[in-house]
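Me: I would like to go through the terms used for this fold and see what each rests on. Please set the values against the cut-offs.

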Amino acid sequence: MKVIPVVLLLFLVSCCFCEEGGIVVSTSYGDVRGFQLKNIRAFFGIPYARPPLGDLRFKEPLPPRSWTGVRDATKFGADCPQKAWFLMAIFNRTHQISEDCLYLNVYTPKKPSGSGAHPVLVVIHGGSYRRGSGREYDGSVLAERDTVVVTINYRLGALGWLSTEDENALGNYGLLDQIEALKWVQKNIERFGGDPNRVTIMGCAAGASSAALHLTSVYSAGLFHGIILSSGSVVNPWTVLLPPYRPSDHAADLAEKLGCPTESTEDLVSCLRQKTAEELVETSVEGPPMISVWAPVIDGPGGVVPDSPRKLLAEGAFSKVPLMMGTASKEMSYIFADVKGIDFGVSSDMVEEMRSRWVERYPPQARTYIKDVIGLQYTDFDNIHDPAALRDNYIEFKTDYGYHSPMLHQASVHSSTGAPTWVYVFDYRSENNPRPKWMGTMQADDQVFIFGPGTLMLNDRFLLTETDREVSDMMRTFVTNFVRFGNPSPHGKLAEWKAFQTDEQVYLRVRRPEKTRMKDYFKTKVTALWTSYVPKIVRRVFNVSEYDVNPFGGSVIAGPVANSCHERKTTSRKRSAQSADLVTLAFLPHSAGLAKMKALGALCLFVLVSSCLGEEEDKLKVKTKYGDVHGFEIEAKSGKHVHAWFGIPYAEPPVGELRFTEARPPKKWEDVRDATQYAADCPQDKDRLEKIMNGTHAMSEDCLYLNIFAPEDEAGHHHPVIVVFPGAQYDWGTVRAFDGTALAEHEVVVVTVNYRMGVFGFLSTDDDEALGNYGLLDQIEALKWIQDNIARFGGDPKHVTLMGNLAGGNLVSLHLISPYSEGLFHGAIISSGGMMSPTAVLLPPYKAVDIATELAEKLGCSTESTKDIVSCLREKTADELVGTKVTGPAMMAFGAFAPTIDGPGGVIAAAPRAMLENNQFSKVPIMVGTTDKWGATAIRELKGVEFGISSDMNTDFRKTFCERYPEGPRSYINDMINFEYTDFRRLHDPAAIRDDLIRASADYHINTGMVFQAAAHAAGGGNVWMYEFHHVSENDPRPSWMGAHGSDDMVYVFGHSLMRASDSYEFDKTDEEVHHAVVDVVANFARTGDPTPTDNDGLKWPRYQGDTQTYLEIRGVQDSNVDNFFKAKKTALWTFYIPKLLYDAASEEEKASVNPFGGAR
């Protein structure tokens, strides 16, 4: 054990020797001469990088040139360019300011450590990224405690942070300077008695946010081993410049004010290099609130700040080193320091004005809500008009928003990985503090008790009392303990300081030593306010289930602001293979093996390379055929991010003369279109829709818009596409019920489409005046748009799957037989619907013109000609058309206005059954399915139905099945239905009668038509998969007799957005498993045309074939099983026996057109 200090002493003698006039140390670039102060040695003004002058301005730092002779290191180097007032306020004297400022200072104990090299603390000064100096921090006070202290200068303001978002000025030079200093420390600190394997970085305010960014930067990995953050974190609202603010705009503003060209970034940067440093510093540029114009930027994969810090935290992409972080109890009280009369407080008008200005950082639609929440949370209702209370509440608001909540967010995430985390709240105020008492303990006050009063403005300095010195001793011990052990109080002598845990949020409240105590759950409520509730308000405003807004203001956290391709092709930001291993190691658990590290490194390299292949400057800004759109980012429950674009027009608004005509492509637009909100719903029964969706939404005929959910990944990836057509019935439905986030998480691009409904979408006069099927034609226009544009959103136009439920399922199925849709899609998922449903198409003997005439008559229109009818109906308001009810045939349960057969050359050339039997359909893979008790939907509103129904009620319901058949065979058919759907063991049991009716309704409307189509499709050469969904959540509030019914299967694809408000419930663990399993099979089907291309936990879903008729019963994940011959007997009833009865009763002319579900074929 004694060998270590001897070896160290020999080493120090060899590189550190006394010379007349000082102590000389040999660095890797040359010798430096320092000086001795009592118990420490100091070396000032050591260059760690080449002067960033001339062509090196706005570029990464380069290592310093070597020098000969001995360099004088007894004076501080020049301060980096900044406004001189700050330095005067701190030091009360002038000091040289120069761009040649990349120097550091080393304070080292006089004697070698008794147990080896000393731990090292590297201090990064603060100052809002635009001011400050390493001279502020007196490292001697910690060097006396056996710690080597390094303070550094780095570039500030425009010189440190200007970015044009391309290769001409990448930005983040201040961070790169700090990294260069850390590299110097690794190479040289041993020569000063420091241990390069025990380096802790520390910062306050902007110094803390800078330090925190090193946690998430691969460039810094391995260069430090612990971190201390005071009054700053990686997720403060001012840490990084986030969208919608653009660093290139600030660069252009600066250039314009200095008379520089802005046509190209190359010319802009070249001109700014010719300006003096003073011109750059003194020229003001308008910037965002609560953040410096010149600040770190997200420079994309391969950059220093590869992505939004909040996202990097969520993904665990940060170094898991020990973390000590703290804040002051009244961080932001300094904002009022110079306000006249502030000692007495502020007026309510001033607070209102400040809040109104502050809330402008949020989207306009959310501002009122957020301001109200702030007013509620930060108002002392016991002293509502008290000026002092108004002042203090506003300080608390700004402190919570800007400091406390971000700190706790980072501490929670950091500790959740198992990384040691310590949190403190500094709440001590000296009796000699000259500031007014209402200011309390504010930002950087803890630094006074670590480095001394020299960190204060001259006007705020004071002489330390005896108690102050005790607090100072305690704080310095905490810091040096942490630097030495990774624990601020390893022995608990000063205070019992426990580590912060996500489930036990303990922190140290620092007051005078005898009152310093452990506390728990600091500001948990306001942390939830800022990190959960406020973003939730914004999401709700935009009608999305998840909306990854920046919780501290601005727009969606949209990923990299800058072009992420610009610099990765050069060598300046590449690391050596050895460094790459260190980077990978820093972000992996300690137990990860070398093979895993190398695999991850290879994966990262692949991602970085592939992301350069045509990546857009902003992933959320997409250029379509008709114009640019800008979307937003959604954070899913899993933590993954999904990109979304809402309200993209795919057709011209069908208004005026375009009502009752085919859809036309949209007109082009010039500006970037905001695609962050759903467009209006198509006209329909507003009351019904509001009841189902539990809220109002705009409704307009200008409704032909689509929405896109896409996986967040690198450009160049082309994912399969699922196109969802909503529609519970032909006359109502909304895309807002279909949240594509879950599917997009599974690497699928989801498109949801609005289309005309009811009379607007399906009115027909059976001639050229109104051909009908406009809703189908809208969908076809949307599919054309997808073919032209979806690749730009990461979708593959050659892998498009249609998906629909109920009436939406009918429409998806009809595209299989429409020549207009051929080639526009490559698979179909049909849930509880299909072309063979009795609700799918209006069939003879019913005529669409009769329904149009009835509507015209009720609205007072002439019916002498179809031209008069259509011309008059075009003049009516949408409300009149929606509000006027027509009878329609009983069989059309999904609405009187429905798809029609428009003959050869039309959208639907012939009856669906005929086209299936004649093999006239697209042979794409299809997946068809329904719910176990679909028919419960039809009777759920009946009074007393939970106890069952009477025989009389059952008879009345069944009559509705039979009334659509010809009178002659009607009684035979009725008898057959009664026979088949009666439980003779429970003839008079109301519950049994109810359950029998549920089965009859489901078989008639959905099941047997589905089986008929599946059999025909398989027989014609198409691949088919069939399922029946049985799973019911234990949390489902609906009565158990309803089982899985209606759209329950789609709920487990799209989530809670499809639930009625009255039926909503939270998924439990089993539900989540079913949800993920269902989404998996849907995504697999879209990707491969097979829902289980490989065995999934031993379960392979076989294709439906005519001889086996296999299908999957979806229950719990472990309980699902494959069965055969789904509803075989009932299918025979409805598709063979009942048609046979009709056939036998029909005339010879009628026999060829028998429709098994009523009416003619």
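Reply: Two strands pair if DSSP finds at least two bridges between them. Helices (H or I, at least four residues) and strands (E, at least two) are DSSP runs, numbered from the N terminus. This is a predicted model, where local features need pLDDT of at least 70, side-chain atom pairs count only at pLDDT 80 or more, and totals for chains, interfaces and linings use all residues. Residues are numbered from 1 along each chain as its sequence is written, and side-chain values use heavy atoms, with hydrogens and water left out.

Me: What is the strand order of the open sheet?
Reply: The 11 strands run β17-β18-β20-β22-β21-β23-β24-β25-β26-β27-β28, with mixed pairing.

Me: Why do β17 and β28 stand at the edges?
Reply: β17 (632–635) and β28 (1121–1124) each have a single partner strand, so one side of each lacks a neighbour in the sheet.

Me: How do you know that β21 and β22 pair?
Reply: Four bridges in the parallel sense link β21 (residues 719–725) to β22 (residues 749–753), and the definition asks for at least two. Isoleucine 722 is opposite valine 750 in β22.

Me: Why is phenylalanine 660 called buried?
Reply: Buried means under 20% relative accessible area, exposed over 50%, partly exposed in between (1.4 Å probe, protein chains only). Phenylalanine 660 has 2% relative accessibility, so it counts as buried. Phenylalanine 660 sits in the loop between β18 (641–649) and β19 (673–674).

Me: What makes glutamate 747 partly exposed?
Reply: Glutamate 747 has a relative accessible area of 33%, so it is partly exposed. Its phi is near 65°, a positive value in a residue other than glycine.
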